[in-house]
Amino acid sequence: MESQIKQKILLGVFIFIAFVYVIRLLTLQIFDDSYIRSAQNNVLQEQTIYPARGLLMDRNNDLLVYNDNIYDLFVTPEQVKNLDTNAFCEVIGITKQEFIDRFEKIKRQKGYAIYRPSVFEKQLTMATYARFQEMLFDFQGFDVVVRTDRKYKYKNAAHIMGYIGEVTEKMIENSNGYYRMGDFIGISGVERTYEKELGGIKGVRYVLVDSKSRAQGRYKDGEFDTVAVAGKKINLTIDQKLQELGEQLMQNKIGSVVAIEPSSGEILSMISSPTYDPNLFVGRDRGNHYMDLLRDPSKPLFNRPIAAPYPPGSIFKVIMSLIGQQEQVLYPNTAYGCYGGFNSGGLHVGCHAHGSPLPLQGAIAVSCNAYFCHVYRTVVNNPKYRRVEDAYNKLYDHLASFGMGRKLGVDLYGEGTGFVPKATYYDKIYGRNHWQALTTISLGIGQGELGITPLQMANATALVANRGYYITPHIVKSIEGKKNPNPEYNVKHWSTVDTSYFPVVINGMEDVVNHGTAYIAKIPGIAICGKTGTAQNPHGKDHSIFFAFAPKDNPKIAIAVVVENAGFGATWAAPIASLMIEQYLTKKHDTRPYLVERMMKGNLTHKPILNDSTATKTSKH
Amino acid sequence: MTQQQPKPASIDWLVLTLYCVFVIAGLLCIYASVYSETNPDIYDMDKNYGKQLLWIVVSAFLGLLILLVDEKLFYAFAYGFYGITILMLLATFAIGAEIKGSSSWIRIGSFQIQPAEFAKFGTALALAKYLSGYNIDFKNWKVKAISMAIIALPMAIILLQNETGSALVFASFSLVLYREGLPGWLLVVGVLLAVLGVMALLIKPLYIIIGLAVIAIAFLAMVRRTQLLVFLTIGIVIFASAYVSSIDYVFENVMQAHQRTRINVLLGKEVDLKGAGYNVQQSLIAIGSGGPIGKGFLEGTQNKFRFVPEQSTDFIFCTIGEEFGFLGSLLFISLYMLFLWRLMVMAERQRNKFNRIYGYSLVSILFFHFLINIGMTLGLMPVIGIPLPFFSYGGSALLSFTILLFIFIRLDANRVNELKSFE
């Protein structure tokens, strides 16, 4: 009897334990989902497939930027076996101590695990990679992963194209996790502004791995994998041949060139001198090259054409001629005498010798300072307005409609506003109502506080060429064959000056080249309209400035050239502009070899020419 | 009398069928846990499922042999078997091979056998024979002491071999003693001591002693005090205090580091995902990710890709949990319970004490393995490396469990003749 109870008790204990285990299984397998996720975390490895970055071409489909393979060396410490350290170090080109240090460094990295691959050496050279590949079998645990980096066909247009670099931690945060450590991203230029189009979309491949992170197969036959979408091909508006010539002409000079197609706003060429070889930003020494360029006192990384403000000098007279007419204080036949300059009270603005008095067209042709001081005075001291400030603000608005003193909206990173003082600026200096035209007379001839970027100069030239409007300058012509991708770059921005006031000014600009100050820029058979500028500045010798468009009717190119501290506009800026106009319109520039030679050999950096420029020095790639 | 061959009808076919089901299911689980698509050959002798297949054939042959011998042999040579297994255990100290920190293996060619596995059935036979002897009354303290000594001898040798898990299995004989007359309160006291022991590891012994004293005072304040009761209570508190202190001392000073870690992880005092905790964590992930119906045979990623350590031996249940889910696990537990219940029924129907005690020994050992092994994979028991009978990979274990089981089947098949042969 007792034994039967004992048997029942034992059976009860068995069933109780079984029951407890079933309940436990129920919670583990049915009620708790977290184990399913943990299991997936165990076996699923997400592999990123990097898309090819979009190609860059010039307006004539000449390839500028393409992709090149780079080779990163990874090590999986757990799999390293029987390594001949000496042979390994020799192939990689490091000492044994460096080898040890490298491993110590890897071990300290975040996320390090003995079974997971870590970067041992970034961007092996092609030669190292080839030697390594031969001996791969001897170096168990080491593996080379191929990525792509940019490669530049020409050494030109570095500032336009910009460069790519590895993402910073901040970018990773801002990208909502899209970017990962080590990803490339556009840092400047087109690479930056069009990162979305060029970068493409990364793909993901889910791979099953075992407990040692060794790949075992695809997850659900790739059902959840996504394909990488290659970056889009972009055609830039620049003309590579024109860009190349321009950079040659500008070598050993500091300054900028911007050429625009007036009818479309397309930037045909944009040169920032000194420039650098874009291939410096490729490969494992990119960081060192970057620091070298950053330390260079001539600031090769500074994108002068869109960021550097210059006093425009006499080319500003063209703008004043138009505004004066619009304000009805200047007419084509208005004539002022020039007595070696402009004199009013104790004020004197000097001028060079020329015929006098002259009407508007003639005054532009000879760039008479006195004439335009008078024009400025009549504009700012215009009795039509009750106060000087009002008249001056009107002038400010006109200038703004020409795109001066503000960002134009070019599709490049780092555009500057330039500087056009407002009335309040002078109020601060002189006090309200304590200044008038004569106080600020130097503005009339493009001097004083005025700062205009070369892009703004070229844009103003395009506006004159178009007889009254401009289209925002831009650098991308088409994306994946689709033209004018940004509708913003189809809009005509009309200036506040009526079309009817342009012809007389344009005639004056034609005279400048035909028999005026820029006679040197004349090309037989091409009607060039231009204006020289010689801008005084506090940094030394005058800046040599020239802006022009051609041909006179139905203009194809508008160009602005600034050569810093080079003297007269006619000496350097005008010939460079002329040669580039010739190149663009006739596709050659060999009619005036003496001029080409003088420009290319001219060294205005005020330092001896080194064996070669920075750009060519490192172009062994 | 002619030799009494068992008639096929008197063999318990349900138990035999379940044995076959378990062994084959176990083989498939071992196959699944090392399966690779590139080498699906189940006969591969380099792989452990190939070896297991060989062991199954050997076991089946041995099982058949046992069914054919005279059942009186086991009674007659019970002490002999016991002696042999004890000698084998002792032999490991002389010729033992060190495998995974334990010196409990004897190497024979490319196979190793573990005498500790065979000691179970030796002990079961000896205990059954001793307790079924004439004039043996379990109420006698001397009988109790000798019974316990029979159990304690192999247990102590195995402990010395550093095989804590196998040694603990011998504790399951206490269930047999309970069935044979050990008072229930002793088992309850045993369980209480175990609970107190666990508490001693969790809390500082001083607090437990203070707590016990408070409870004792409260108890005495509430009941009608007699002198005897007061002394008894004080005695219990003193004994419990000494016990708790000694547990703490053993834990800190006698146990080895890896044993301490395992216990700490189990008690939740230590989270060690790289060491002992890793096994349990991965085991829970494998089982938990199985869901209601599992991932399908050979589809279990956690087992296949070796996330669960020891998955073909101690953690074989993970394969069932992951690939067959809750339903599969439920079926497994049900079948196992059916098996235990059937064996218990068989033990109860024996007419002689020897058979019954031997049957209960078998049931207790199987239950203890089930309790610890499944509890371990479910994170409810400490990671004590003992196999799941008939499922886990391992020749010694399979052979010893087969012998253990088939001796009982043989004894049971002859129950009809027992009246004639013994009483």
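This is a predicted model: local features need pLDDT of at least 70, side-chain atom pairs count only at pLDDT 80 or more; totals for chains, interfaces and linings use all residues.
**Chain A overall**

Chain A runs to 621 residues, and 42% of them count as buried.

**The five-stranded sheet**

Let's start with an open sheet of five strands in chain A, whose order is 12-11-21-20-19 with antiparallel pairing. Its edges are strand 12 (266-273) and strand 19 (529-537) of chain A, each of which pairs on one side only. On average, neighbouring strands here are turned by 10° against each other, ignoring direction. A helix sits against this sheet too: helix 10 (residues 240-249) of chain A packs on it and touches strand 11 (255-261) and strand 12 of chain A. The direction of helix 10 makes about 25° with that of strand 12 of chain A.

Inside this sheet, strand 20 and strand 21 of chain A pair over seven bridges. One residue pair to pick out is A:Phe547, whose bridge partner in strand 21 of chain A is A:Ala560.

**The three-stranded sheet**

Chain A also has an open sheet of three strands, in the order 1-8-9 and again with antiparallel pairing. Strand 1 (44-49) and strand 9 (215-218) of chain A are the edge strands. Neighbouring strands in this sheet are turned by 45° against each other on average, with direction ignored. Strand 1 and strand 8 of chain A are joined by six bridges, and A:Thr48 has A:Val204 in strand 8 of chain A as its bridge partner.

Strand 13 and strand 14 of chain A pair over four bridges, with A:Ser344 standing opposite A:Leu347 in strand 14. Two residues lie between the strands of this hairpin, and A:Gly345 takes a positive phi near 60°.

| Strand pair (chain A) | Residues | Sense | Bridges |
|---|---|---|---|
| Strand 20 and strand 21 | 540-550 and 557-563 | antiparallel | seven bridges |
| Strand 1 and strand 8 | 44-49 and 203-209 | antiparallel | six bridges |
| Strand 13 and strand 14 | 341-344 and 347-350 | antiparallel | four bridges |

**A helix pair**

Now for some helix packing. Helix 13 (residues 316-326) and helix 15 (residues 369-380) of chain A have axes 10 Å apart and pack at an angle of about 40°. The two helices of chain A are therefore oblique to each other, and helix 13 passes helix 15 in a left-handed crossing. From helix 13 of chain A, the residues involved include A:Met320 and A:Ile323, while helix 15 of chain A brings residues including A:Phe372 and A:Val375. Sorted by class, this contact has six nonpolar, three polar and one charged residues.

**Where chain A meets chain B**

The contact between the chains takes 29 residues from chain A and 32 residues from chain B. On the chain B side, several helices each supply at least two residues, among them helix 8 (173-179), helix 13 (276-288) and helix 16 (353-377) of chain B. Which helix of chain B gives the most to the side that touches chain A? That would be helix 15 of chain B, with eleven residues. By class, the side of chain B that touches chain A has 20 nonpolar, nine polar and three charged residues.

Notes:
Residues are numbered from 1 along each chain as its sequence is written. Chains are lettered from A and ligands numbered from 1 in the order in which they are written. A residue is buried if 20 or more other C-beta atoms lie within 10 Å of its own, exposed if 12 or fewer, and partly exposed in between; C-beta atoms are placed from the backbone. Two residues are in contact if their C-beta atoms, placed from the backbone, lie within 7 Å. Ala, Val, Leu, Ile, Met, Phe, Trp, Tyr, Cys and Pro count as nonpolar, Asp, Glu, Lys and Arg as charged, and the others, Gly among them, as polar. Two strands pair if DSSP finds at least two bridges between them. Axes are lines fitted to C-alpha atoms, for helices over the stretch in contact, and angles run from 0 to 180 degrees between N-to-C directions. Angles under 35 degrees count as roughly parallel, over 145 as roughly antiparallel, 65 to 115 as roughly perpendicular and the rest as oblique. A crossing is left-handed if the near helix is turned anticlockwise from the far one by less than a right angle, and right-handed if clockwise.
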